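Okay, everyone, can you see the screen? Let me put the model up and we'll walk through it together.

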Amino acid sequence: MGSPWKGFVEFTLPASPPTAFVSADLSSTSPVGLSLSPYGRSMSFDPGMLHNNGHTAYANGTGPGIRETGLVEKLLTSYGFIQCSERQARLFFHCSQYNGNLQELKIGDDVEFEVSSDRRTGKPIAVKLLKIKPEVLPEERISGQVGPDLHAYPFTVLHGYIHPVVSSIPVHLDGKSAPGQAPTGSVCYERNGEVFYLTYTPDDVEGNIHLDTGDKVSFYMDTNKHTGAVSARNIQLVKKKQMRCQGVVCATKEAFGFIERADVVKEIFFHYSEFKGDLEALQAGDDVEFTIKDRNGKEVATEVRLLPQGTVIFEDISIEQFEGTVVKVIPKVPTKNQNDPLPGRISSRIGFNDKELPFGEKDTKSKVTLLEGDHIQFNISTDRRDKLERATNIDILPDTFDFTKETREMGVIAAIRDGFGFIKCVDRDARMFFHFSEVLEESQLHISDEVEFTVVPVGPVYKLFTKDMLSAQRNHAVRIKKLPKGSVSFNTQSEQRFMGVVEKEVVATNAKNASPTKVKEKEAEEGVIAYEDCGVKLTVPYHNKDIEGGGYPQAGDKVEFSINEVKRTGLQSAVSVRVLNRNASNAKRLIGFVATLKDNFGFIETANHDQEIFFHYSEMCGDLENLELGDTVEYTLSKGKGNKVSAEKVTKVAAVNGISEDVEATVMMGKVIRPLRSVDPSQTEYQGLIEITEEGATKGPNYPFGIMGMSNKADGLQKGELVKFHVCTVAQTGQKMASNVVPQRRAMVECVKDQFGFITYEVGESKKLFFHVKEVQDGLELQTGDEVEFSVVLNQRTGKCSACNVRRVSEGPKPVATPRPDRLVNRLKSITLDDASAPRLVIVRQPRGPDNSKGFNVERKTRQPGVID
């Protein structure tokens, strides 16, 4: 069968670099020969040659008519030998097979030929020889910009130069490869839109340097005359591949920021437009990587991307901790000429050498002020970039106060605010300001905690703070240490007890219009005690709050006392004053119970619980803030203007049982027919009255009750209320009275507002009782119509009642939607679409879109669940 090819065809691609002919065997079964030069530029075909001058074109399995190249190795008068380029073979050829001037053929010339077999011997021989013209490679040096990814970074020609890409020799080979074969790499360059690869060996690189993939290089091209392969030689490194740098964002501004580099001790600028990621998530302290580029003569970071937290490490911190002494502290206010970021200094003996290490503000574990001479412990941090050592994790040791020369003071926490507080000092009049950051050991401080501290002059920062918000103090407390309870004492009290006589009584303050929380004793209105010490007659002041036992001492009373001295001022006063004997004219002290407290006066229920005694707050001995209803007090009766009886020298004493004897266990049911006088001031009797209600009868025995007979002293029982109680007998009089009185109140919730509501319950002249939602038990939300139980509390000062301890007994009916009126329902049923009298929709204005076109032009489509258009 004849071949479809009609002769020999040769064509050449654009010849740059110069054309060379290289063949490549594609298949032993294909009748077509395809050859590529080392540049990939030319191809040769000879499909029709099956026989040649009696020589069969089959040798060693090669297909018919395939052209090969080789090198003339030996040349004699009539024959010679060729060394094949594509395979390890040495072929005989006869000079008659050479197509050309035999005189021009020399040893080493490149030839092209076909392989046939000798008809007599059957050995392969070369036939139809053709000399290949020598290729003149360009002597220009090829150079350009390197890109790691050929497709991602398309090449361009710059000033006529070629841009190569290096594929480096693997480092793990260490210059070793298979026996007899040198390790190779490759360079890639582009010309006229085509890409070419050339190999190279370590010997082809000038300067004995290692090339990495992506390095920019320049080189010459070289052809191996033996094999015809083109390679790169005299390779020079132009520029190393630009590596990605790492760092930490150290500052962020409105449109730009700065990165602290991890390779050098330097910050670099970057614009937010160069950040590849969510800009909202970027913040100072984030680890990033970036590329450095030169813009306007300055280095900037580009292509900034986030890295996982903890990727960038600037320093190595020692595991071992060291001890040292602070020799230079960081100034609170840096000077104008201070450029040192690590101004502090620590002296330490490490190994056998004395070493001084710097430190900065961020190297201390806490914000507690450091002083020169402080004994501290720390770790050593070594910067990976410049190997600079510094002290870090600095912590003050507990024994540091033995090394410093500071003066420690003591006091008690007097006030605490948000982030700061004040200390009441033992040795100073003014309260001392302190900040929470100055507390040692991270202990939580509370009011009345006892502390030890150091006083230092206030800095400009504290001046601004205290001037605008607190007070213009000049000092503040630092290095605050919490002390055990009982460590701080503002006074010193003598262990010796003295005997004396009251020379002057305490003058009561004129506080008729003062409230219990505002009554204060004035220092000028104090009593005086005369006594002798070592034969010297002395006097000492005393106050009512320093009296022990019941009643105030009067002039001429003999007393026993101790002397207290204030450390800060040295002032002395008598404390723990106890009356030894009184004058015969002294009135009898009585026991009673607080029944009523008004703005500046109150009433005391007598021990027999049958009447009340008026007293003014100016006659109260002790702290009025702690006085509550039902408290037991001791007092003296006196008569004032109009022959009215009142209580004087009222003193709160230990609680005693108000009604204690013979309390019956039976629980009685009754109704209040008369309240206490504190609830109804218009009545003349003090006691309230409860009438027993029995089954089948509405009336029964009546039992009086007082403030001590009520279970809740603040519960204002109203007339007509149902109560539960016990019956007891008063020991002093034998009278039977009601005790443990508990009201039984049930009513309906009338309405509930936002934070309060009203109960339908008549109290005095009001038919509604106020309550706050905080008084509702179990946190329930009451609704209108709910039935509740509650207690009534009477505000003694305003005279108004309110409900407390509100508990829901049962829920009210659920609100039902009001049905439509029948007339409206009938009208709707009578309306039809065809009814001429039916209401019609009148278009007032035609719909228009944003472009002033009629709206609703887009056809509506039924939306499919889960499908997004």
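Gly247 stands opposite Arg261 in strand 16. This is a predicted model, where local features need pLDDT of at least 70 and side-chain atom pairs count only at pLDDT 80 or more, while totals for chains, interfaces and linings use all residues. Residues are numbered from 1 along each chain as its sequence is written, and side-chain values use heavy atoms, with hydrogens and water left out.

So, back to that pair. Strand 15 (residues 245-252) runs antiparallel to strand 16, with 5 bridges joining them. Two strands count as paired if DSSP finds at least two bridges between them. Strands themselves are DSSP runs of E, at least two residues long, and helices are runs of H or I, at least four residues long, all numbered from the N terminus. Between strand 15 and strand 16 sit 3 residues, and the two form a hairpin.

Now look at the other partner. Strand 16 is also joined by 5 bridges to strand 17 (residues 267-271), again antiparallel. Here Phe258 stands opposite Phe269, and this hairpin has 5 residues between its strands.

Which residues make up the covered face of strand 16? They are Gly257, Ile259 and Arg261, while Phe256, Phe258 and Glu260 are on the uncovered face.

Move along the chain a bit. Strand 18 (residues 287-295) and strand 19 (residues 298-306) are antiparallel, with 7 bridges between them. Lys293 in this pairing stands opposite Val300. The hairpin they make has 2 residues between the strands, and Asn296 takes a positive phi near 55 degrees there.

Next, the barrel. It's 5 strands closing up in the order 26-27-28-30-29, with mixed pairing. From one strand to the next, the twist averages 50 degrees; angles like this run from 0 to 180 degrees between N-to-C directions, with axes being lines fitted to C-alpha atoms, for helices over the stretch in contact. Zoom in on strand 29 (residues 450-457) and strand 30 (residues 475-482): they run antiparallel, joined by 6 bridges. Val455 is opposite Ala477 there.

Okay, one for you: is Phe92 buried, partly exposed or exposed? Phe92 counts as partly exposed, because its relative accessibility is 29%. Buried means under 20% relative accessible area, exposed means over 50%, and partly exposed is in between (1.4 Å probe, protein chains only). You'll find Phe92 in strand 7 (residues 90-94). Setting aside neighbours within four places in sequence, Phe92 is in contact with Tyr79, Gly80, Phe81, Ile125 and Ala126, where contact means heavy atoms within 4.5 Å.

On to the nonpolar core. In soluble globular proteins, nonpolar side chains tend to be buried together. A nonpolar core here is a set of buried Ala, Val, Leu, Ile, Met, Phe, Trp, Tyr and Cys residues joined through side-chain atoms within 4.5 Å. The largest one has 19 residues, and Ile690 and Phe725 touch the most other members. Several strands each supply at least two of its residues, including strand 37 (589-597) and strand 43 (668-674). Strand 46 gives the largest share, 3 residues. Beyond four places away in sequence, Phe725 touches Ile690, Ile692 and Tyr703, among others.

Last, the whole chain. The secondary structure comes to 2 helices and 52 strands. There are 869 residues, and 38% of them count as buried.
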